[in-house]
Amino acid sequence: MAETQSSTNQPTLEQLLAAGVHFGHQTRRWNPKMRRFIFAERNGIHIIDLQKTLRQMELAQKLSRDVILRGDNVLFVCTKPQLASIVRAEAERAGALFITERWLGGLLTNYQTVKKQVRRMKELEAGSEAGGDFENYTKKEQLMLGREREKLSKYLNGIRSMDRLPGLLFVVDSKKEKIAVNEANKLGIPIVAIVDTNADPDLINVPIAGNDDAIRSVELITKALADSIVEARREAPIREETEEGESYTYSSDRGAEPAGEGEDRKKRRRPRRRRAKPEAIAARLKPTGEGDVPGEAGESGAESPEAGEAE
């Protein structure tokens, strides 16, 4: 069993039990749609079936691997103060995106506006560096710009490298992060979430039934998903080197091609667009000689008196 865990990064039943993943909410706070994930009831608390939790974790790891191998990224979402540091650390280790402070409304559905704010944050960071443009400002202006930079960095630092929409969302407590879940469902972005007994699993593509309040429970599940992402990145080094080493241009006629090849074609086409040189025109207007073509004599004969006067 230990060999299987090391190869697939899949936690065991004993580890899930030790982390308290099986503890759900009180029976009076449950969602009836979670019935299929509940094993029993003990002292007014629902007990989650860990066999089904393991099965859902396998599906979540497979989905995350497919997303990474496809070239997309994963966005970790957790705004609970006691769990934010754990999720942030695992996301940084896996090279993924993360939101751990507050979900800004329209982060996905109005991404173009958020992208402008990220660009503004980078400009403020570049200007506040030593030798930046902000040294020419007054102290009050520098203070106001510094506050704006800190505010943007607090909420957007985890998505500073997000150049397009993520391919997968990993959410801790789907009921608390309902705005993020709704935006992802509108855009058709798949969702993997830790779902407790009080949440709706029908809104999640791959719901992982488990305790979303305990630190050890969230840490174990998040670490397993981050490990699968790290492994997927190791399996696709060729694609990453190709994308970083070569730049491509896209044409509707020829498709994707290296940037240098398109420039070479433009250089080869330039002489065709140039006009004929004046020396070539003058040579064509000269009278017919011994080596000239007879058919051109009539065309150049009208110009011969002028050529003689010029001589």
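User: What makes helix α4 (residues 81-94) count as lying across β4, β5 and β6, and how is its angle to β5 defined?

Analyst: Helix α4 lies across β4, β5 and β6 and runs at about 170 degrees to β5. Contact means heavy atoms within 4.5 Å. Axes are lines fitted to C-alpha atoms, for helices over the stretch in contact, and angles run from 0 to 180 degrees between N-to-C directions. Helices (H or I, at least four residues) and strands (E, at least two) are DSSP runs, numbered from the N terminus. One thing to keep in mind: this is a predicted model, where local features need pLDDT of at least 70, side-chain atom pairs count only at pLDDT 80 or more, and totals for chains, interfaces and linings use all residues. Residues are numbered from 1 along each chain as its sequence is written, and side-chain values use heavy atoms, with hydrogens and water left out.

User: How do you know that β4 and β5 pair?

Analyst: Two strands pair if DSSP finds at least two bridges between them. Strand β4 (residues 74-77) and β5 have 3 bridges in the parallel sense, so they meet that definition. In one of the bridges, Val 77 has Ile 99 of β5 as its partner.

User: Which strands make up the open sheet, and in what order?

Analyst: There are 5 strands, in the order β5-β4-β6-β7-β8, with parallel pairing. β5 (97-99) and β8 (206-209) are at the edges because each has a single partner strand, which leaves one side of each without a neighbour in the sheet. From one strand to the next, the twist averages 15 degrees. Helix α3 (residues 50-70) also packs on this sheet: it touches β4, β6, β7 (191-195) and β8, and its direction makes about 140 degrees with that of β8.

User: Why is Asp 173 called buried?

Analyst: Buried means under 20% relative accessible area, exposed over 50%, and partly exposed in between (1.4 Å probe, protein chains only). Asp 173 has 9%, so it is buried. You will find Asp 173 in the loop between β6 (168-172) and α7 (178-187).

User: And what makes Asn 43 exposed?

Analyst: Its relative accessible area is 81%, so Asn 43 counts as exposed. Asn 43 sits in the loop between β2 (38-42) and β3 (45-48).
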